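Please look over the sequence and the three-dimensional structure shown below before reading on.

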Amino acid sequence: QVRLVESGGGLVQAGGSLRLSCTASGRTGSSLAMGWFRKEREFVAAISQSGGATYYVDSVKGRFTISRNNAENTVILQMNSLKPEDTAVYYCAAGRDNIVISRMRDDYYYWGQGTQVTVSS
């Protein structure tokens, strides 16, 4: 069992930045692919188990960066140049055992409770 807890959401003006953090507890999350999703589990970003590979949805490329610290069981989503259309609840997710990295929500088994990001225009 893996428990995921997100933090770092909030209200920011367009053009601003937020840093989302996801901390995993229970069975170590460092052996699992990790991802961030938003709204109705729309894919945002993913990172491989080692952190050597990353994926992004086109709409956030160049603005968002996903990273991980396996020693601390954390995954970070740094969000810069935020736009009102980025407003959503953001969810952290951990992949199934055989997944190296994925954009597909069905490849993720553990989910956090979500954190609200609101970008005002």
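**A salt bridge and its surroundings**

The side chains of Arg 38 and Glu 42 meet in a salt bridge, with 2.9 Å from N to O; the term stands for a side-chain nitrogen of Lys or Arg within 4 Å of a carboxyl oxygen of Asp or Glu. Side chains of opposite charge can pair when their charged atoms come close. Arg 38 is buried, with a relative accessible area of 4%, whereas Glu 42 is partly exposed at 32%; here buried means under 20% relative accessible area, exposed over 50%, and partly exposed in between, with a 1.4 Å probe and protein chains only. This is a predicted model, in which local features need pLDDT of at least 70 and side-chain atom pairs count only at pLDDT 80 or more, while totals for chains, interfaces and linings use all residues. Residues are numbered from 1 along each chain as its sequence is written, and side-chain values use heavy atoms, with hydrogens and water left out.

A search of the whole structure finds four salt bridges. In one of them Asp 86 is joined to Arg 63, the closest N and O atoms being 2.7 Å apart. This pair links distant parts of the chain, 23 residues apart, since Asp 86 lies in the loop between β8 (74–79) and β9 and Arg 63 in the loop between β6 and β7. Both Asp 86 and Arg 63 are buried, and salt bridges that share partners join Arg 38, Glu 42, Arg 63 and Asp 86 into one network. Leaving aside neighbours within four places in sequence, the residues in contact with Arg 63 (heavy atoms within 4.5 Å) include Gln 78, Asn 80, Leu 82 and Asp 86. Another salt bridge brings together the side chains of Lys 61 and Asp 58, at 3.0 Å from N to O, and in this case Asp 58 is exposed, with a relative accessible area of 60%.

Arg 38 also belongs to strand β4, and from that strand Met 34, Trp 36 and Arg 38 point one way while Gly 35 and Phe 37 point the other way, all of them being buried. Strands, like helices, are DSSP runs numbered from the N terminus, with at least two residues (E) for a strand and at least four (H or I) for a helix. Five bridges join β4 to the antiparallel strand β5 (residues 42–47), where strands are said to pair if DSSP finds at least two bridges between them. Phe 37 stands opposite Phe 43 in β5, and in the hairpin of these strands, which has three residues between them, Lys 39 takes a positive phi near 55 degrees. β4 pairs with β9 (residues 88–95) as well, in the antiparallel sense and over five bridges, with Ala 93 in β9 as the bridge partner of Gly 35.

Taken as a whole, the protein has zero helices and eleven strands. Its radius of gyration, taken over C-alpha atoms, is 13 Å, close to the 14 Å that the globule rule gives for 121 residues, so the protein is as compact as a globular protein of that length; the rule is 2.2 Å times the number of residues to the power 0.38. Of the 121 residues, 45% count as buried, and residues 24 or more positions apart account for 60% of the contacts with a separation of 6 or more.
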